[in-house]
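User: Hey, I'm new to this one. Can you walk me through it?
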Amino acid sequence: MTLAETAHPLIPLSLLEAIRNLDTPLDDGLSELAEETLAKRLGLSVTVAQQIERYREEAGHNRPVSTDEAISVFRLVGRRPDAPLVYSDAGRRAARYVARGRGGVPRLLLQRSPRAVRRRFETRAARAAARRLFGIELDLDQGLPEVRLDDSLATRAGYPGAGCYFYSAALAELLRVASGFEGAMVHDRCRARGDELCVWRAAESGDYQ
């Protein structure tokens, strides 16, 4: 898969929201951070707040952003010592956003359908959401979904491995919210480990280590 020239604004939006979330101090009453210390937290900066509002507006109007811009935000996260946590949080956020906006067969009709029919429809809905969000395909021909990527925002940003946590979390969350999938997207192969491409496979709870 070759990355398109544009990216969904939910991707940089979710990344910046995850930064802000993890940079926000816990309100535990144990200590108070000095104002100058708070100012050094990137997620609490005015710049990040402005960019978050901008990406929300772009998403609301269904206007894509350039892939280079999405890569720059992806790279910003990769420089952080807590990058895997930020990527994972962002992946789940992006999945929930795109799943929330999907249309389709009314939920009541699905609830009255046989389980096999319901699961097939909902898994296909997750595939459509993955296509809208990433421009990638969930392979449903092998039973449980798989994803194969030889190019991604993570590799373009220079952070395969850590950046792949974004995809792992997003894909698993898409399956969970769309079809009730309980499990994980296991990252079997990764460019960061010298493989030619990154491969994820869905594994239900109890089927992975």
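User: What classes of residues make up the lining of the largest pocket?
Analyst: Keep in mind that this is a predicted model. The lining of the largest pocket has 8 nonpolar, 4 polar and 5 charged residues.
User: And what volume does the largest pocket have?
Analyst: The volume comes to about 270 Å³. Of the 17 lining residues, Ser-168, Ala-169, Ala-172, Ala-184 and Met-185 are the closest to the centre of the pocket.
User: Which element gives the most to that lining?
Analyst: That would be H9, with 7 residues. H9 and S4 each supply at least two residues of the lining.
User: OK, switching to strands. What order do they have in the sheet?
Analyst: The order is S3-S5-S4 in an open sheet of 3 strands, and the pairing is antiparallel. The edge strands are S3 (146–149) and S4 (183–189), each of which pairs on one side only. From one strand to the next, the twist averages 20 degrees.
User: What holds strands together in general, anyway?
Analyst: Backbone hydrogen bonds do the pairing in a sheet, either parallel or antiparallel.
User: How many bridges join S3 to S5 here?
Analyst: There are 4 bridges between S3 and S5 (residues 198–204), and the two run antiparallel. Leu-149 stands opposite Cys-198 in S5.
User: Which strands does H9 touch?
Analyst: H9 packs on the sheet and touches S3, S4 and S5. The direction of H9 makes about 145 degrees with that of S4.
User: Back to helices, then. At what angle do H5 and H9 cross?
Analyst: Roughly 35 degrees, with the axes of H5 (residues 83–100) and H9 (residues 164–179) coming within 7 Å.
User: Is that crossing left-handed or right-handed?
Analyst: The crossing of H5 and H9 is right-handed.
User: Which residues meet there?
Analyst: On the H5 side they include Pro-84, Tyr-87, Gly-91, Arg-92, Ala-95 and Val-98. On the H9 side, Tyr-165, Phe-166, Ala-169, Glu-173 and Leu-174 are among them. By class, the residues of this contact divide into 13 nonpolar, 2 polar and 3 charged.

Notes
Residues are numbered from 1 along each chain as its sequence is written. This is a predicted model: local features need pLDDT of at least 70, side-chain atom pairs count only at pLDDT 80 or more; totals for chains, interfaces and linings use all residues. Side-chain values use heavy atoms; hydrogens and water are left out. Axes are lines fitted to C-alpha atoms, for helices over the stretch in contact, and angles run from 0 to 180 degrees between N-to-C directions. A crossing is left-handed if the near helix is turned anticlockwise from the far one by less than a right angle, and right-handed if clockwise. Contact means heavy atoms within 4.5 Å. Ala, Val, Leu, Ile, Met, Phe, Trp, Tyr, Cys and Pro count as nonpolar, Asp, Glu, Lys and Arg as charged, and the others, Gly among them, as polar. Two strands pair if DSSP finds at least two bridges between them. On a 1 Å grid over the protein atoms alone, a cavity is a set of points where a 1.4 Å probe fits but cannot get out, and a pocket is an open set with protein on both sides within 12 Å along at least five of seven lines; lining residues have an atom within 4 Å of a point. Grid points are joined across faces, edges and corners, and a volume is the space filled by probe spheres set on the points.
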